[in-house]
Amino acid sequence: MGVEWWKTFFEGNFADFFLERDEKTVKNIVDFLIKKLSLRKGMTLFDQCCGTGGLARACAQRGI
């Protein structure tokens with residue numbers, strides 16, 4: 001891989017397959033996180049910038 005490998009790696013269908021999730025999938029993931037991490041409204045959760053922010057937005061909508 002070249003020095004700027006990310007310029008070609010993320011082209012094409014990468015986002016379609018790995019970054020974009022349907023609403024049901026996001027809900028299921030957030031439900032899992034809330035349960036396993038015992039999250040409640042008002043708590044802070046760090047999102048390690050590894051996608052389009054879909055999970056962070058869904059958590060924020062629930063007050064996390």
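Modeller: A salt bridge is a side-chain nitrogen of Lys or Arg within 4 Å of a carboxyl oxygen of Asp or Glu. The model is predicted, so local features need pLDDT of at least 70 and side-chain atom pairs count only at pLDDT 80 or more, while totals for chains, interfaces and linings use all residues. Residues are numbered from 1 along each chain as its sequence is written, and side-chain values use heavy atoms, with hydrogens and water left out.

Two salt bridges are present in the structure. In one of them, the side chains of D31 and R62 meet, with 2.7 Å from N to O. D31 belongs to helix α3 and R62 to the segment after α4, so this pair ties together parts that are 31 residues apart in sequence; helices here are DSSP runs (H or I, at least four residues), numbered from the N terminus. K27 also forms a salt bridge with D31, and their closest N and O atoms are 2.6 Å apart. Because K27 and D31 are four residues apart in helix α3, about one helical turn separates them. Through shared partners, the salt bridges join K27, D31 and R62 into one network.

As for accessibility, buried means under 20% relative accessible area, exposed over 50%, and partly exposed in between (1.4 Å probe, protein chains only). K27 is partly exposed at 45%. D31 is partly exposed with a relative accessible area of 27%, and R62 is partly exposed with a value of 27%. In general, side chains of opposite charge can pair when their charged atoms come close.

Technical notes: Helices (H or I, at least four residues) and strands (E, at least two) are DSSP runs, numbered from the N terminus.
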